[in-house]
Amino acid sequence: MDVTNILILVFGLGVFAFYLGRARSLAIAKPLGGIRYLHSLPSYYGFHSALWCALPALLLLALWVVFDDPLINSIVADSVTGSQAAGDTASYNLLMNKISNVSAGILPRDGRDPEILAAADLMTRLQTLSRWALTALILTLSITGLAWGWSRTSQVFRARQVVENVVEKLLLGCACVAILTTLGIVLSVLFESIQFFRSVPIFDFVFGLEWSPQTAIREDQVGSSGSFGAVPLFVGTLLVSAVAMFVAVPVGLMSAIYLAEYASKATRSYAKPALEILAGIPTVVYGFFAALTVAPFLRDLGESFGLSVSSESALAAGGVMGVMIIPFISSLADDVITAVPQSMRDGSLAMGATKSETVRKVIIPAALPGIVSGIMLAISRAIGETMIVVMAAGMAANLTANPMESVTTVTVQIVTLLTGDQEFDSPKTLAAFALGLMLFTVTLLLNIFALQIVKKYREQYE
Amino acid sequence: MNNSMTNLEKIRKSLSRRNRAEGLFRWAGRVAIFLGLMAVVVLFVDIIGKGHGAFRIAYIELDIDYDPEKIGIENLSDPQQLAGADWQALPKAALNKQFPGVTSRGDKRSLYGLISNGAGYDLKDRLMANPLLLGDQERVWILTDDDIDTYYKSWLAGEPYAARLTDKQVEWIAELHEQGKIRLQFNANFFTRGDSREPEQAGIRGALMGSLFTLALTLILSFPVGVAAAIYLEEFAPKNGWTDFIEVNINNLAAVPSIIFGLLGLAIFINFFHVPRSVPIVGGLVLTLMTLPTIIISSRAAIKSVPPSIREAALGMGASKYQMVLHHVLPLAMPGMLTGAIIGMAQALGESAPLLMIGMVAFIVDIPGGFSDPATVLPVQIFLWADSPERAFIEKTSAAIMVLLSFLIVMNASAVWLRKRLERRW
């Protein structure tokens, strides 16, 4: 049986176990004079049986699915010892591919090396064996579990406590998925980065001024080494983000101030959701807009002033990114501005200050920590934004601070290095993970710092 | 006294300047709002202006003669003959009949360039659906080539774009137009077909199905896990370091750039667990991890908004903590949780960066039929088309964006509706 069918089977058995357990508790309760003489409600006895029936079986199934293929593969690979035996990783992958294709009947058997044929047969045998063993084990396990859970049902058995304990563990497990995700990110990025830094020194990577990740296929090719100096990428990222902030901060902040302090309720009720539409538009749409509408427009505009603006300028990508970030800044700023106590406004106005003076000299200083942290969050978002720059910014790494020229960013390079099928051990792909590590670290620091400020600020007024 | 008078004068003098500053400040706010709203309007007008044309496409009316000899086929049930048949010969012959004056090779080539090179296969499908047509004649609207379609639309709009057409082709189209033999029809292919290198044959069905499978998996995985995590953190978690650690993790994950999740998927799911590339399973897993923080955070807010009196009443009546949560808190918090889930799904539907990492950018013609078929998703399809050099793909891309945006609008509107309709104020 395949995994889906086993899953359905276990589920069905679990439901069956629920009704069995419940029926047994009801049968026990009847001569006693009703279910109030039981320790727990009948459904808890049912759940108890069902948990015993399904949970161990599901755990086994999960482990089996994870370790099944690697185990079979290593046994099969070990069986190949003759002329076909694999030396390095690449030929190992090739060999395993060949064997599994022969075993699945995709490749014809005639004319193959007998060793490969034997390995393929071994693989087929092992796979059949594994499937049968799995089915048998799961069935035994769930039926034993069912019997055990069912047999424990009695008048004094504390089924509710047991069930609730298990459920709490399950809930805790779900909450820990977040930790596992973080761990997964850190491990995957760190692991590959360390491998990368073995071939390219970390100092050259962080401070190198030249980025051309093309490694040569032949030894004698020009520029065969490939250089991995990431400074042009960092500069490009900062340049695009700076342009974005230049657009987003004034517009976002001013609209937040206007909406919070000046606008009538009616204006607020339509302008706020309308601005928030910008936050819901997918980034790929912004990318298309930047590449096909804004960039040509800026190029033509520049030409009419006698400036040469690249059609992949940082200006176009950054400007559109800024538009994307406007609602982010405005809603964060709106929150902190409305959180400033009314008494501070009243005090300032009572002293004869105009409304704008109140905003500038009282409210903004009071809300400053929150605004700053909002801007920091926005910067971290701009740095990590991918689709807009992939579509509208350049590929070539130019070390320049001129926003009218084409620059490339960290995220663009990650995408270009990793799209498509690639070898996993070339420095070119590993470089993407090193860039990912940089990106993750910087955004994480920005976020932690920003959240810290918000936390401190909140305590101040609450 | 004298001193205070001068102060008053000072204030009076400065008053006009201060009022002017006040007015300027107010205007700056208005301009900012206006700029933001303008961005929304410009974006939508630009996309709709570019994309609305793609929902109609030019067809040419031709007299098709299903001559068995021309196709090179006698028996429609013989697969070998079907594979070897020259279907494109059918519309070519019809074009020759329509324009008998065309004789030179170059002219003939540009004549055949009028129609899509998939036109023959459309006729094949027609013939297979109705085998009696073999040997018969029929008047059929034939799909045009994308360059012809682009030109015809621009010509109808009064600004002909003939850069990729020969002069002869321009003449022929004018002639066909006079005879009423070329017209724009609803572009059904756009909604029923998968991707194609030929713009006129490309459709979004494959990407839509891919998005559907990916999102279904995301919802199935992220909603139960997210709600369970939220319940634990709000109702059961003890106040200790471990709980704090979980919370810090969730908050940080919500702000991690989406592309990092792509790296995670590539390194863990594909490289370590050997899940195949380009399939909705791995896409759904990555998007699950990405949307989980959103769902947890909004679910927690929904649980928090249930007043404590409900909990106390349930506990007071002798319910256990789980009964209290399951029977009272959860049903009351459900609308808020569903709203959060819809918003999370809308986010996942528009996401493309992490999917680029895990190979969902492949050029896939077949429409996926399950979770383990190679697929792409709608935003990635948009990305792929935006990269294509053909002019006709600009129109297609904008139209696909319109479809994507309408899905997002429907999802967000239903979230708002759900919140208004079901959420209780206490």
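Which residues of helix 17 of chain B are buried? In this predicted model, they are Leu378(B), Pro379(B), Val380(B), Gln381(B), Ile382(B), Phe383(B), Leu384(B), Trp385(B) and Ala386(B). Helix 17 of chain B has 10 residues, 9 of them buried, so the rest of the structure largely encloses this helix. The cover comes from both chains. Chain A supplies helix 9 and helix 13 (387-392), among others. From chain B, the covering elements include helix 10 (205-236), helix 15 (321-350), helix 16 (353-357) and helix 18 (392-422).

The crossing of helix 9 of chain A with helix 17 of chain B is left-handed. On the chain A side, the residues that meet helix 17 of chain B are Val284(A), Phe288(A) and Ala291(A). Their counterparts in helix 17 of chain B are Pro379(B), Ile382(B), Phe383(B) and Ala386(B). This contact is made of 7 nonpolar residues, with no polar and no charged ones. An α-helix has 3.6 residues a turn, so residues three or four places apart point the same way.

The contact between the chains as a whole involves 69 residues of chain A and 68 residues of chain B. Helix 5 of chain A (residues 159-199) gives the most to the chain A side, with 20 residues. By class, the side of chain A that touches chain B holds 46 nonpolar, 17 polar and 6 charged residues.

Chain A itself is divided into two domains. Domain 1 covers 3-157 and domain 2 covers 227-461. Taken over C-alpha atoms, the centres of domain 1 and domain 2 of chain A are 49 Å apart.

A local backbone feature was found in chain B. Ser278(B) is not a glycine, yet it has a positive phi of about 65°. Ser278(B) lies in the loop between helix 12 (258-272) and helix 13 (280-304) of chain B. A residue is buried if 20 or more other C-beta atoms lie within 10 Å of its own. Ser278(B) has 21 C-beta neighbours inside 10 Å and therefore counts as buried.

Technical notes. Residues are numbered from 1 along each chain as its sequence is written. Chains are lettered from A and ligands numbered from 1 in the order in which they are written. This is a predicted model: local features need pLDDT of at least 70, side-chain atom pairs count only at pLDDT 80 or more; totals for chains, interfaces and linings use all residues. A crossing is left-handed if the near helix is turned anticlockwise from the far one by less than a right angle, and right-handed if clockwise. Helices (H or I, at least four residues) and strands (E, at least two) are DSSP runs, numbered from the N terminus. Two residues are in contact if their C-beta atoms, placed from the backbone, lie within 7 Å. Ala, Val, Leu, Ile, Met, Phe, Trp, Tyr, Cys and Pro count as nonpolar, Asp, Glu, Lys and Arg as charged, and the others, Gly among them, as polar. Domain bounds come from an automatic or database domain assignment. A residue is buried if 20 or more other C-beta atoms lie within 10 Å of its own, exposed if 12 or fewer, and partly exposed in between; C-beta atoms are placed from the backbone.
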